[in-house]
Amino acid sequence: MVAHAMSGRKGQERTMKIIAARTNKKVGMIIMVAIFLSLCFMLANIFLTYDSTVRTVEISISTQSMKTAADIAREVDVEGFERFLQKPTEDSADYIRLNRFLNDYRLKIGAKHVYIVVMDAEGNSHVMINGLPPGDTAHTYIGELCTLTMEEVQPAYHGDTFHTGIIHDPKYGVYITTGAPLINASGKLVGIVGIDTGVEVLEQIENNALKNSLFYFFANLVVLVLIVVSYTLIRRWYQKETLRVVGDSEQTFQKEFRSILTSIQSIKHDFANHLQVIFGLLELRKVERAQEYLRGLQTDLQVVTLTQQVANPALLVLLHSKVEKARASQIEMDFHVSPEENFEGVLSSDLIKILSNLLDNAIDAAEADPTGERSISLHLKKVGNTYQFTVENTGATIPAEDVKRLTQEGFTTKMSEAGGARGYGLSIVQETVKKYEGELSVTSARGRTCFSILLVVDKRVAG
């Protein structure tokens with residue numbers, strides 16, 4: 001029997017390890033996916049933050065530069081520019097005056113270039129006046145091709161300002177071009193004022209934004225690692241606790257189930273002998289003795305008929321075991337359980353915890369009954385969204401001061417066996433009852449003790 005129990009315990013541990021390994025594998029995959037998605041979200045957030053910062057600065061610079069271009073366009077001598085276009089030479093008085101005007105503005109606003117362009121029939125842009133002093137290395141000749149495209153300057157044909165994106169030019173560096181239309185007295189577009197604003201500061205801002213984004217990325221990564229580590233530790237603790245609880249319930253279940261098997265095997269073995277005895281008594285016309293013998297077999301029959309009275313498998317196994325235990329101590333047990341009730345809403349492990357401890361206490365108390373009357377009554381019923389369990393037994397009356405302390409961990413009214421821990425059964429029952437927002441009450445008087453349990457099962461899932 002010991003070898004069999006050890007083998008069963010090892011098999012249980014092996015099964016639980018397999019379940020834990022499978023669970024760990026699934027959880028590991030979930031964690032990896034979660035980490036991957038978190039990294040993707042963080043990288044996306046960094047990119048969006050970086051892009052938003054750059055765009056904000058770019059728009060800010062462009063907006064200010066477009067306003068300046070519009071101011072310059074309003075101050076340009078349009079008639080002088082039209083005269084220059086009729087004879088576009090650097091010796092022209094209009095060219096010299098306009099070039100000086102544009103150069104003064106360039107110096108005042110700190111731009112790379114301030115110039116006037118015209119668009120040809122093919123959509124190409126040509127620099128007509130570049131506001132740079134003679135001899136400047138960036139000075140352009142009249143009519144030199146410009147990088148502005150018809151698409152970029154299209155708003156100018158509708159009287160609006162415009163701006164380009166960031167331009168990386170190997171000759172002039174990094175800049176943004178903004179522009180405003182030159183409109184003559186008759187409302188015709190005769191040219192476009194362009195401003196090239198250096199955005200080296202924007203590159204510095206981009207670098208700072210990137211550094212800040214990387215800092216936040218690594219900070220978020222550290223937080224993510226801490227969350228994963230914390231989750232893993234908590235999950236392992238919870239898993240161990242769950243396996244411990246399941247293991248305790250499983251051991252109780254196996255113990256009760258083995259007791260049932262022993263009882264059924266005993267009944268099967270004795271059945272033929274019982275029939276022979278009854279047949280012999282009837283042959284001898286000793287009817288009263290046969291009836292007395294049959295009454296002695298009623299407890300054995302109760303073990304068999306319980307199968308038809310109890311629908312919940314876990315409860316069936318438990319009651320079979322307790323009936324056998326009570327029968328061995330010559331205790332009469334009376335059960336009142338609805339055959340249709342399967343106790344949906346109460347975890348099987350919790351059902352075993354509550355009733356196993358209560359019935360064990362009841363059997364111990366009835367067995368020690370000094371009056372010799374040994375009986376236990378169990379009532380299980382559902383009322384609305386609650387289950388009501390009542391276990392009543394004969395035995396010594398428990399003093400009122402002890403009744404209040406029964407659910408305290410370690411307190412017991414029984415004599416402790418050598419090396420045995422007692423006084424924990426009712427505290428386990430109390431903790432289990434609290435899970436269901438229930439109540440546990442105890443009354444003891446005139447040699448009878450009654451434990452009443454109320455469990456609230458509304459919105460709970462069956463176990």
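Leaving aside neighbours within four places in sequence, Ser 329 is in contact (heavy atoms within 4.5 Å) with Glu 367 and Arg 374. The model is a predicted one, in which local features need pLDDT of at least 70 and side-chain atom pairs count only at pLDDT 80 or more, whereas totals for chains, interfaces and linings use all residues. Residues are numbered from 1 along each chain as its sequence is written, and side-chain values use heavy atoms, with hydrogens and water left out. Ser 329 is placed in the loop between α8 (313–328) and β7 (332–337), helices (H or I, at least four residues) and strands (E, at least two) being DSSP runs numbered from the N terminus. Its relative accessibility is 13%, so Ser 329 counts as buried; buried denotes under 20% relative accessible area, exposed over 50%, and partly exposed in between (1.4 Å probe, protein chains only).

Glu 152, by contrast, belongs to helix α4 (residues 150–153) and, at 29% relative accessibility, counts as partly exposed. With neighbours within four places in sequence again left aside, Glu 152 is in contact with Thr 147, Phe 162 and Thr 164; the C-alpha atoms of Glu 152 and Phe 162, which are 10 residues apart along the chain, are separated by 7.3 Å.

Helix α3 (residues 93–109) comprises 17 residues and reaches 25 Å from its first C-alpha to its last, close to the 24 Å expected at 1.5 Å a residue, where the expected span is 1.5 Å times one less than the number of residues. The buried residues of α3 are Asp 94, Tyr 95, Leu 98, Asn 99, Leu 102, Asn 103, Tyr 105 and Arg 106. They cover an arc of only 160° around the axis and therefore lie on the same side of α3, the arc being that of the directions from the helix axis to the C-beta atoms. The face turned away from this buried side carries the exposed residues Ala 93, Leu 107 and Lys 108. The charged end of Lys 108 sits over the ring of Tyr 105, 4.2 Å from its centre (NZ of Lys or CZ of Arg within 6 Å of the ring centre and within 35 degrees of the ring normal). Just after α3, Gly 110 takes a positive phi of about 70°.

The structure holds 6 aromatic pairs, for which rings of Phe, Tyr and Trp (its six-membered ring) must have centres within 6.5 Å, with planes under 30 degrees apart counted as stacked, over 60 as edge-to-face and the rest as tilted. Phe 81 and Phe 84 form a tilted pair, at 6.2 Å centre to centre and 35° between the planes, and both are buried. Ring pairs link Phe 81, Phe 84 and Tyr 95 into a cluster.
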